[in-house]
Amino acid sequence: MGGDRVVVLAALTLASPSAFAATEATVALVAASDAAPLRFALDEIQHALLGRGIKARIDSPNGGASAKALLRIVVAVAPDPARPAQGFVLRFAKTGGARTLFVEGADVQGAMYGGLDVAETIALDGVAGLRERTAAPYLRHRGVKINAPLDARTPSFSDAGDSAWKNVETMWDFSFWQELFDRLARDRYDTFTLWSLHPFPSLVKVPEFPKVALADVMAHDTNFTTIDPADMVPAVVLEHLVRKKTMSMDDKIAFWRKVMRAARDRGVAFHIAAYNCYTHGTAGQYGITPSIKNPVTKDYMRSSVRELVLTYPDLAGIEVTTRPTTTGTIAESESWLWDTYGRGILDAKAKAPDRKVTLVRRGPAPLALVESVFKDYPDELAFSDKYPADHLYATTKPHAIDAAIASIPKGRRMWLELRNNSLFYLRFGDPEFARDLIRNMPPLAKVAGLDFGADAYTWGREVTSVDPESPRASYFAKHWF
């Protein structure tokens, strides 16, 4: 989509506020493409204009309304090798006697961001506040992660708590995801990562292991103090399952395809992160065990990765890590990751050659070893590590991964995990701290982007308000500053 030469025109003419009150067709929005990110930007512009009491209408590219408009804004995707990805230019020109603002994006995301910039300016300062300028992201990618409690049988890393237990149904509520991706687009995030210990039984059907696919969505009513984070699905959980939703695996696949398409429609790349070697949800069928030395487990993992890529055409990336206590040496674990995730993606690409899947490799292996083992990976390979360890708000100058940054192989980049494991209920509010943290990041040539999220708390809908909205506000809405 980003490479398409798409043009979306939003016809609007810069004029005085009094002029808008004097005409019926004050603003015409004209879309010459159905590209969803640009339609979203146009909707935001229209909403901002209406908020200012200015009439707005959407017309065809050659419609008469645009000719009568008092304000013209042309939003276009205009690829330019000299323009940074996701960047845009706002410039004024005279066309047919009217003053026109051209919003030119380097790609679809850039055009959307330019349109959102225009909408924000109109909302804050009116049309008189629009100015020429050039903009591009400071960081290559900006991401958010959620540890997703998909099901009691396929938990995430920090499901032993109320915020996860009360958000199982939220993970299967499309309105939550649509609201989230709209917000991420407005806040200029371009990546989302869903984290799970072992997501495959809740997401895909694997022909070689058909009984593993899980029907329905299950939670449990066990006291979470009985659950050891090292064993998130003990027998006591399986003995106290509670059905939250009735869904077939085909229903689940349709749901997540819709979610991933919603992300793409807001310029957000959807990633899935898995820990290894876990096998939650398999119930030991087919001889599958959580051991990298079990050949059945290796075949199952490789097949599951292949099906994940083939099942979800809008899946943009996969992130993988191994437990420090995984059975095997670091070198053995790395080879196992290549034989399962690396080769699984290659198997999918053999059937869908045009697919591109970013692979993000998170510690603890030495980066030189990862580079060596994954040397034949054909798509983007990046690394990931916790930048300020587990406590994002502890310091603006973290040094926990200085050695890892220094050891990044030439041409590779690091995702910086901004992990907030401390501040869950109170709203963070120190913009100078946030600005200093960004400015103190390692050299941008070594940084792929940031991945902002938490462990021990699920960023779904809030669960603490005594006077909640209906539905409850999302974590992001409650913590907006």
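Modeller: Ala, Val, Leu, Ile, Met, Phe, Trp, Tyr, Cys and Pro count as nonpolar here, Asp, Glu, Lys and Arg as charged, and the others, Gly among them, as polar. Heads-up: the model is predicted, with local features needing pLDDT of at least 70 and side-chain atom pairs 80 or more, while totals for chains, interfaces and linings take all residues. Numbering runs from 1 along each chain as its sequence is written, and side-chain values use heavy atoms, leaving out hydrogens and water.

Colleague: So how do the residues lining the largest pocket divide?

Modeller: A pocket is an open set of points on a 1 Å grid over the protein atoms alone where a 1.4 Å probe fits, with protein on both sides within 12 Å along at least five of seven lines; lining residues have an atom within 4 Å of a point. Here 40 residues line the largest pocket, with Asp-187, Tyr-189, Ala-434, Ile-438 and Phe-452 closest to its centre. They split into 28 nonpolar, 3 polar and 9 charged.

Colleague: Which element gives the largest share of that lining?

Modeller: Helices (H or I, at least four residues) and strands (E, at least two) are DSSP runs, numbered from the N terminus. α4, β7, β8, α6, α14, β17 and α15 each supply at least two lining residues. The largest share, 6 residues, comes from α14.

Colleague: And β17, what is the bridge partner of Leu-416 in that strand?

Modeller: β17 belongs to a parallel barrel of 8 strands, ordered β8-β9-β12-β13-β14-β15-β16-β17. β16 (414-419) pairs with β17 (pairing takes at least two DSSP bridges) in the parallel sense over 6 bridges. Leu-416 has as its partner in β17 Leu-450.
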